[in-house]
Number of protein chains: 2
Amino acid sequence: MIKKKKDIRREFIIGEAAKLFKQKGYGGTSMRDLAEQVGLDAASMYHYIKSKDEILQGICFDIANTYVSQLTEIENATQSYSQKLKALVRLHIHLMTTKGPEVSVANNEWKSLSADALTEFKSLRSQYEKRLAALIEAGAEAGEFQQVNTSVALFTLLSAIRWVELWWKPDRGIATEELENSILTILFQGLERK
Amino acid sequence: MIKKKKDIRREFIIGEAAKLFKQKGYGGTSMRDLAEQVGLDAASMYHYIKSKDEILQGICFDIANTYVSQLTEIENATQSYSQKLKALVRLHIHLMTTKGPEVSVANNEWKSLSADALTEFKSLRSQYEKRLAALIEAGAEAGEFQQVNTSVALFTLLSAIRWVELWWKPDRGIATEELENSILTILFQGLERK
DNA sequence: GTCTATATCGTGATAGAC
DNA sequence: GTCTATCACGATATAGAC
């Protein structure tokens with residue numbers, strides 16, 4: 001399938017929107033702000049997109065689908081649960097360093113989705129969390145993990161890496177390799193030295 | 001100092017605002033929404049508060065000051081660095097379970113502060129992070145912590161507990177004691193069983 | 001495709017009666 | 001102290017000329 005010029009322009013608008021939404025929030029970004037960033041008049045953008053909400057949906061569901069397909073990949077791999085979980089955390093971190101603005105918006109601005117989209121998005125998240133919880137549960141039963149509450153482990157892992165999307169920049173002097181290794185060390189080995 | 005009736009009413013309004021701001025975001029909450037929640041007409045609230053921004057400031061700086069004073073306490077205590085850090089994490093978690101909406105707003109809606117307040121808030125956060133980083137640095141030099149990048153450790157710790165403010169409810173079947181212990185186990189001992 | 005002009009609505013905040 | 005009425009503004013989105 002060939003991408004039409006119109007589609008490319010559309011994707012550019014959505015990408016710029018992600019940056020602004022991350023920076024100033026969805027509610028704090030006006031279509032005029034976005035138009036200026038894109039280099040069009042506000043009205044002209046409506047030739048490429050249907051509404052502001054549609055932009056937010058594009059960003060949120062693109063990221064959600066990426067998360068889900070990454071998890072599916074991990075589930076189907078033949079590794080120990082510990083290796084699976086580590087691999088997934090690496091994928092999450094990697095996504096944040098490559099699609100920072102989009103991930104940030106999907107994680108922080110999804111509340112602004114319109115009613116229908118909001119319901120679907122929440123459902124996707126919930127399914128994702130359940131599948132990940134099952135993975136942690138299985139690993140604990142296999143004796144690979146500490147005996148801690150599954151929900152606590154689930155959310156602590158997911159939450160622990162959330163700062164990356166806000167903080168990491170290519171010029172900050174930390175290579176993604178070192179970043180991933182340091183985080184994995186803390187989460188799986190513990191910060192305390194024995 | 002005796003609290004006047006007006007002050008009590010004012011604090012009630014700010015408390016209800018925190019709940020709504022957490023739920024729908026600062027931008028997504030109108031003064032009319034808040035008035036309905038409080039049981040007043042929108043105009044009547046202006047007898048107790050000066051502006052919407054003033055409410056947000058009240059919430060954000062109250063929490064910021066609590067964070068700072070807790071850190072000061074920890075710094076002055078005579079404990080190992082490891083014990084200090086664990087105690088601080090416990091204090092953070094405890095604050096989230098007791099002042100969930102306020103902490104949530106301070107952590108997620110501070111971007112909406114007016115220019116002056118925003119500058120001051122950022123400065124407070126930055127000072128706090130520097131002092132906490134120094135504590136981690138010292139612990140690492142004392143050989144108590146793993147050799148990981150200090151910034152990574154700092155943000156991973158702070159971030160790892162952020163979900164509590166969104167998720168924890170008294171009726172969810174996890175006592176705060178168990179919650180704290182599970183999180184501390186993961187962060188300091190590691191999720192992986194040796 | 002991009003613009004100007006504008007419709008329509010919801011916002012924060014104020015004035016002033018009671 | 002609480003209300004009704006309203007102002008001034010900025011928002012999303014559309015109509016229609018070019």
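**Close-up views of a two-chain predicted model**

**View 1. B:A17 sits in helix α1 of chain B.** Helices here are DSSP runs of H or I with at least four residues, strands are E runs of at least two, and both are numbered from the N terminus. This is a predicted model, where local features need pLDDT of at least 70, side-chain atom pairs count only at pLDDT 80 or more, and totals for chains, interfaces and linings use all residues. Residues are numbered from 1 along each chain as its sequence is written, chains are lettered from A and ligands numbered from 1 in the order in which they are written, and side-chain values use heavy atoms, with hydrogens and water left out. Is B:A17 buried or exposed? With 0% relative accessibility, B:A17 counts as buried (buried is under 20% relative accessible area, exposed is over 50%, partly exposed is in between, using a 1.4 Å probe and protein chains only). Leaving out residues up to four places away in sequence, B:A17 touches B:L34 and B:I55; a contact means heavy atoms within 4.5 Å. B:T185 is 168 residues away along the chain, and its C-alpha atom is 35 Å from that of B:A17.

**View 2. Helix α6 of chain B is largely enclosed by the rest of the structure.** Why? Seven of the nine residues in this helix (residues 100-108) are buried, so the rest of the structure largely encloses it. The buried ones are B:G100, B:E102, B:V103, B:S104, B:V105, B:A106 and B:N107. What do they pack against? In chain B, their partners are α1 (5-24), α4 (52-76), α5 (81-98), α7 (115-141) and α9 (164-167).

**View 3. The second largest pocket lies between two domains of chain B.** Domain 1 (1-49) and domain 2 (51-189) both give residues to its lining, so the pocket lies between them; the bounds come from an automatic or database domain assignment. The lining is made of B:R10, B:E11, B:I14, B:G15, B:G58, B:I59, B:D62, B:K99 and B:E102. By type, the lining has two nonpolar, two polar and five charged residues (Ala, Val, Leu, Ile, Met, Phe, Trp, Tyr, Cys and Pro are nonpolar, Asp, Glu, Lys and Arg are charged, and the others, Gly among them, are polar). On a 1 Å grid over the protein atoms alone, a pocket is an open set of points where a 1.4 Å probe fits, with protein on both sides within 12 Å along at least five of seven lines, and lining residues have an atom within 4 Å of a point.

View 4. A:Q146, A:L191 and A:E192 supply 20% of the area that chain A buries against chain B, more than any other three residues. The contact takes 38 residues from each of chain A and chain B.

**View 5. Chain A has two assigned domains, domain 1 (1-49) and domain 2 (56-189).** Their C-alpha centres lie 27 Å apart. Nine residues of domain 1 touch ten of domain 2 in chain A, and the two domains bury about 770 Å² between them, 75% of it on carbon and sulfur atoms.

Definitions and conventions. Buried area is the accessible area (1.4 Å probe) that two parts lose on being put together, summed over both.
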